[in-house]
Amino acid sequence: KTVDLIIDQGEGGKKKTQRRSRREEFPPGTPISTSTRAPRNAPLAYTRQEQEELGLQVLQIAINGNAAELRDFRHLRGFGADALDKLSRYFELKASIGPLPDEIRIEESQAKRALSEGEKFFLAVVAGLEEGYETIVKIFPDPLRTLELKEGTSLTLSGIRTKGVALYVRFPEG
């Protein structure tokens, strides 16, 4: 069984279809209902890396498509950002297959990069990467100053759904 993920870059843009196959081992099924979703431990048709790759593709479309010249830096451990654009703006990506989360965690290297770059550092939260969810991109400039900091052993920023200081991009289904 396969799942198709379609990225449509609008008029004049290319349509890209990615096929993903699911594991053949399934948990016991339940009656189909319009109000229930798959459990968190359901087999996924893609890896975390593929999810982040799709998130970066959606982010690039949201910030001006190929003209943004977004470059992937996820392979550099400790870099403190996932991508950099032609204007030398840093983007930390948090990709979600389901609905928009209200909290995300950032690593120490990401917090250091955010502090050193200030307004040139952006937190990009991409949600709804799986069929059945609305695809949403929220981009927060200088997130250490624009989001709420929660206490804990790691740095957690909250207010993703409620803060109005972000660039908000919605992609229609279909």
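I'll walk you through the packing and the salt bridges in this structure.

Before that, a word on the model: it's a predicted one, where local features need pLDDT of at least 70, side-chain atom pairs count only at pLDDT 80 or more, and totals for chains, interfaces and linings use all residues. Residues are numbered from 1 along each chain as its sequence is written, and side-chain values use heavy atoms, leaving out hydrogens and water.

Okay, the inside. A nonpolar core here is a set of buried Ala, Val, Leu, Ile, Met, Phe, Trp, Tyr and Cys residues joined through side-chain atoms within 4.5 Å. Buried means under 20% relative accessible area, exposed is over 50%, and partly exposed is in between, with a 1.4 Å probe and protein chains only. The largest core has 20 residues, and L59, I63, L70, F91, V137 and I139 touch the most other members. Which elements give two or more residues to it? Those are α1 (48-62), β5 (90-95), β7 (121-127), β8 (135-141) and β11 (167-171). Helices (H or I, at least four residues) and strands (E, at least two) are DSSP runs, numbered from the N terminus. Helix α1 gives the most to this core, with five residues. Apart from this core there's another, of 12 residues, including L100, I106, V125 and L157.

Let's zoom in on I139, in strand β8. I139 counts as buried because its relative accessibility is 4%. Beyond four places in sequence, I139 is in contact (heavy atoms within 4.5 Å) with residues including L59, I63, F91 and V165. I139 and V165 sit 26 residues apart in sequence, yet 8.5 Å apart in space, C-alpha to C-alpha.

Now the charges. Side chains of opposite charge can pair when their charged atoms come close. For a salt bridge, we ask for a side-chain nitrogen of Lys or Arg within 4 Å of a carboxyl oxygen of Asp or Glu, and that rule gives 12 of them.

Is the pair E92 and K94 buried or exposed? Both are buried, and their closest N and O atoms are 3.4 Å apart.

Finally, shared partners join R48, E52, E53, D72 and R74 into one salt-bridge network.
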